[in-house]
Structure formats: structure tokens, C-alpha cells
Amino acid sequence: MRPVAIVGIGQTPVREHWDAGLRELAVQAVWQALDECQIDTVDVFYVGNMLSGTLTGQEHLATLIAEYAGLTGVEAIKAEAACGSGAAAFRQAVLAVASGAAEVALAVGVEKLTETSTHKTTDGLASAADADYETAMGISFVALNALLMRRYMYEYRYHKSDFSAFIEIAHRNAVHNPNAMFRHLVNRDQYERAKMVADPVNLLDSSPIADGASAVVVTSIDQLKRFPNRPIWVAACEVSTDTIALDNRENPLWLKAAERSVHKAFKTSGLTHRDIQLFELHDAFSIMSALSLEGSGFAERGTAVRLANEGHFAIDGRLPISTFGGLKARGHPVGATGLYQIVEATLQLRGQAPEAIQVPDARIAMTQNIGGSGATIITTILTRERL
Amino acid sequence: MMGIPGNWRLRKQRYQLAGTRCQNCNQIHFPPRQVCPACKNRQLEDFRLSGRGTVYSYTIIYQSTPKFEFFVPYVVALIDLEEGPRITAQLTDVDPDQVEIGMPVEMVLRKISEQGERGLIHYGYKFRPRIR
Ligand SMILES: [Zn+2]
């Protein structure tokens, strides 16, 4: 496999984009990325998206977006892995280039969750779970996370308000990200008073329903001379799966797919936990931040919430997380999220993050995109220097 | 949304907690499987679960998906069944404030949801505090 580098990125603000559909959002992100590279086509085109068919009646999405981006004729395929669709598309682009099948590949993640009523969107998001044995029993996606959070609080003796630390971190960072949906601070008092959705998960534990698109261009080491930007290297991009249904996991509080994908990523890159300077994790719910940090080996079992409260994951902490606001405050346009994480980590490694959230001398970053309640987990390591 | 054949196909699981047991390693599964997740053996036999278990975790749902709005607030739990499998199900016949982790529960047959006024009515397992 050949070394692969990111040479172009693009992103739309994460918002309720009433005035733009899937194609308009995706085309904006695609052309930002192409313009950065000073190119006007690619060899292959992958789209990460979860719910275009369910919410807007549009499948065959990649071909549609390729056409409206002016790329008719280019190979175009959609990747779907629930909320992990964005990183799934990124991995396909990386593999296409690494294998030699393509020289330049583009991955764009796009999602429109505000096209329909909140009801229909909630129903759509629940389709990431087992339709016959979870959703059919009245479980929502929020409720699955609530089951995890309740058990976690029980086993490790946390109070609900302890989770506020994750929300405060995300919102504090998002203030400085012009593309974030919520650029305001949240304090513990507001967190404790937030409306309950599925006890113990309240509105502020949950990432917001939003629209957005983000795109990344990757190329091989052989082609780098063509591109004006400093390359950011893909040191690893690895996937692992777990059971779809939460109830079929021996220990639901242990994200095996996180453990396995992180292990593979370290094996591929030759790096270790100590090398990671920032971690864009999948904080769709505050409990997921804790489980991701623990499953990935950045915190011992049951300690992530305590460490968050001690400041370890703040922007000036030992391992900054959600540096651009994360899913929680940047927003969570599900199929686009994985590519927002990659774009944000790339900005960190280029030294182009807004000053207040720039991790000093960032050389190595990890991103982790999660589909469902932990059933698909994609871990990526990006580096400023080629390893 | 599942149609008539799908609901008919799942009747044994929904009404009788029909699962499978691996003839090689004896692991018991719910839902029923074609391949044993523990040993990959494909010789499995039907196995009906007793429906007795304890609450592993639970949530009280205040904002549901559309089909379940009628029941709000309601409790969904992960239940550890005596025979091993863990199952996701609603709790019934209980005040949500009385639910606790570790609470003994048993299966009962209840209405799960309706597909509108003229549509299908789905029945299936829920769990209540154990009285038998
Ligand atoms: Zn077996």
C-alpha cells in the first residue's frame, strides 16, 4: 500500500440550512476542497451519508452529487455505516489511492436532517439500531445512550451532573469555530436544568440535529508535487464492528470496536497512545465521550468522567478532545460528521485552527467516528510529518 | 415500517421468546440465530426462554419515536434473562420511579404498538416486576 496524504479540505457551516438541499451542500464542500487543490476533477468520488433515502427520498446519491459538482463520468459510490458513514467514505477514498487504483480520490459527507419533522428524523436515526429487536420495542437512539449512561453511573458511582464536564469542553471550544452550530458557553447549572429526553440523557447531553457537508481530497505520495497545500499524512484509518444491538454485547460499557480499531490503527502506524496530541471523538452523547476514551485506551474503565472534570481533556489539557466543538456543539449532521472530524484534525495539523483552539505544535491527531451505539467504529490517525 | 409478513415471521420470538441453543457449545441466543456467535457452529436447536430475568439498565423515555408517543413516559430496559441472553424490552405494570437496576422481572404479553387507526396492532413481550 502506498502512503496517502490529505491535500484539500472543505466544509459548510453546520446549521439548519433551509435554503440548501443535499446537492447544494455537498457541492459547496466539494468545490472548496477542489479549489484548495487547484484541480477540477478526481479519479473516484465517495459520498458518506446515512439518511438521504429515508428523509428526502433520494438514493443513488453519489451519482447525483457528482453530476451537480460537474463531475459526471467519474466513479461515484455512497458509503453507509449509520453515523459512521463519513469516515467510512474517507476510508474508501484512502484505500482507492493506497491500492494504486486511483491517484486522486475525494470523500464528501453530507446530511440533511432538518428537511423533515423532528419526529421523522428521530425515527430515521433510530434505524441505526436493530429494527426488529430494539426499535420495534420503542427504543430511540437517545434511549440506547440512556441505557448506557444509567449503567455507567451505577457501576462507577457517578452523579449525573459529573457529565457536564464534557458538554462544557465542547461548547467552550465551539465558541471559536465559525462553522459550529452552537457558539455559546454552557454551564453546569444549565446542564442540570435541561429538559429530560430519555432519563438520564437530557437535551444538553445530546448533539443537535443539523445539516452540513464536509469534503477531503486525498492523493498518493507520487502525485504530491501537483498540490499547493502542505500534505497531512493518513498514518492509519481502521474499522472494526461489534453487534448491532446493544443487548448482544457481553459488556455494553466496553466499546470493543473502539478497542480493536485503535489497536489496528496503532499497529498500522507504529504509534502509541502517548503520541496522540488531540482526539476528535464521537461525542454524539456525553456518555459516548466517556466510553470512547475508555475503549480507546485513553482512560481506565470508569475514570473518563473524573478525568474530564479534572481538566485532562480541555483544550490546554493532556489530551484535548472535540477541539472545534465536537458533535455536541459543532453539530452532528450524521453522515457528514466523520469528515468534519478529519477536516478539523487536518486544520490542527496544518496549524490553521483559530488561535484559541489551536493545539500548540500539533503533529499527530486521532479521530474516531462511531456508527450506531458502537457497532461500527472507524479510527483514523493523521500526522504532519510522514512517518 | 414492518408489514404483515415480517410480523408474522417474528411471532414466535414476540409471543414466546423463541431463541436458539448451540448444539456444539450450548450457548443460548435471543434473537434466534443461524450461526452461533460464540463458536460459528450452524447446528442450532430451538430454545424457548423462561422470561425470567433482572434489570441490567433502564431508561424513562419522555420523547419517543412517533409510534410510541401514546405510551410516554414509558420505561425501556435491558434485561438479563436467567438463561444468559440479554434482551431489550419495555417494562409495564410499574411506576417508572420504582424501577431499579437488579429488579427481578418476568415476561408478559402486551400490545407493543399500532400502525394507525386502521393498521396492524403489534403484540409482543414486555416485562413486569416479578410476581410469579
Ligand atoms: Zn456455539
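Contact here means heavy atoms within 4.5 Å. The model shown in these views is predicted.

Figure 1. With a relative accessible area of 48%, B:Glu82 is partly exposed. B:Pro96 lies 14 residues from B:Glu82 in sequence, and their C-alpha atoms are 23 Å apart in space.

**Figure 2. A:Glu168 in helix H7 of chain A.** Helix H7 spans residues 164–174 and includes A:Glu168. A:Glu168 has a relative accessible area of 17% and is therefore buried, the cut-off being under 20%. Its side chain is joined to that of A:Ser164 by a polar contact of 2.5 Å. Not counting residues up to four places away in sequence, A:Glu168 touches A:Val186, A:Asn187 and A:Arg188.

**Figure 3. The largest nonpolar core.** This core has 103 residues. A:Tyr152, A:Leu293, A:Ile381, B:Tyr125 and B:Phe127 have the most contacts inside it. Helix H6 (residues 141–156) of chain A gives the largest share of the core, 10 residues. Both domain 1 (4–116 + 209–233) and domain 2 (140–206 + 235–383) of chain A contribute residues, so the core lies between them. Around A:Leu293, the residues touched are A:Phe166, A:Phe279, A:Leu281, A:Phe298, A:Ala299, A:Ala304, A:Phe313, A:Leu319 and A:Ile321, with residues up to four places away in sequence not counted. Another core, of 39 residues, lies apart from the largest one; among its members are A:Tyr46, A:Ala89, A:Val343 and A:Leu349.

**Figure 4. The interface of domain 1 and domain 2 of chain A.** The C-alpha centres of the two domains of chain A lie 23 Å apart. Their contact takes 43 residues from domain 1 and 36 residues from domain 2 of chain A. About 3000 Å² is buried between the two domains, with 65% of it on carbon and sulfur atoms. On the domain 1 side, A:Gln11, A:Val14 and A:Cys83 lose the most area to domain 2 of chain A, together 23% of what that side buries. The interface of the two domains has 2 salt bridges and 16 residue pairs in polar contact, both residues of each pair being at pLDDT 80 or more. The elements giving two or more residues to the side of domain 1 that touches domain 2 are E1, helix H4 (85–98), strand E4 (104–112), E7 and E8 of chain A. A:Arg91 and A:Glu238 form a salt bridge, with their closest N and O atoms 3.9 Å apart.

**Figure 5. The interface of chain A and chain B.** Each side is given by its residues in contact: 33 residues from chain A and 33 residues from chain B. The two chains bury about 2900 Å² between them, and carbon and sulfur atoms give 57% of this area. The interface has 0 salt bridges, while 16 residue pairs across it are in polar contact, both at pLDDT 80 or more. On the side of chain A that touches chain B, the elements giving two or more residues are helix H5 (118–126), H6 and strand E5 (196–199) of chain A. H6(A) supplies the largest share of that side, 7 residues.

**Figure 6. Salt bridges of chain A, shown by examples.** Over all chains the count comes to 25 salt bridges. The side chains of A:Asp222 and A:Arg2 meet in one of 3.0 Å, N to O. This pair links distant parts of the chain, 220 residues apart: A:Asp222 is in the loop between strand E7 (211–220) and strand E8 (232–241) of chain A, and A:Arg2 is in the segment before strand E1 (4–11) of chain A. A:Asp222 is partly exposed, at 47% relative accessibility. A:Arg249 forms a salt bridge with A:Asp242, where the closest N and O atoms are 3.7 Å apart; both of these residues are buried.

**Figure 7. A salt-bridge network in chain A.** The side chains of A:Arg363 and A:Asp361 meet in a salt bridge of 3.2 Å, N to O. A:Arg363 is partly exposed, with a relative accessible area of 35%, and A:Asp361 is partly exposed at 47%. Through salt bridges that share partners, A:Arg230, A:Asp361, A:Arg363, A:Arg384 and A:Glu385 are joined into one network.

Notes: Residues numbered from 1 in each chain as written. Chains lettered and ligands numbered in written order. Predicted model: local features only at pLDDT ≥ 70, side-chain atom pairs only at ≥ 80, totals over all residues. Heavy atoms only, no water. Helix = DSSP H or I, 4+ residues; strand = E, 2+ residues; numbered from the N terminus. Buried < 20%, exposed > 50% of the residue type's maximum accessible area, 1.4 Å probe, protein only. Polar contact = N/O pair within 3.5 Å; in protein donor to acceptor, adjacent residues only side chain to side chain. Core = buried A, V, L, I, M, F, W, Y, C linked by side-chain atoms within 4.5 Å. Domains from an automatic or database assignment. Buried area = accessible area lost by both parts, 1.4 Å probe. Salt bridge = Lys/Arg side-chain N within 4 Å of Asp/Glu carboxyl O.
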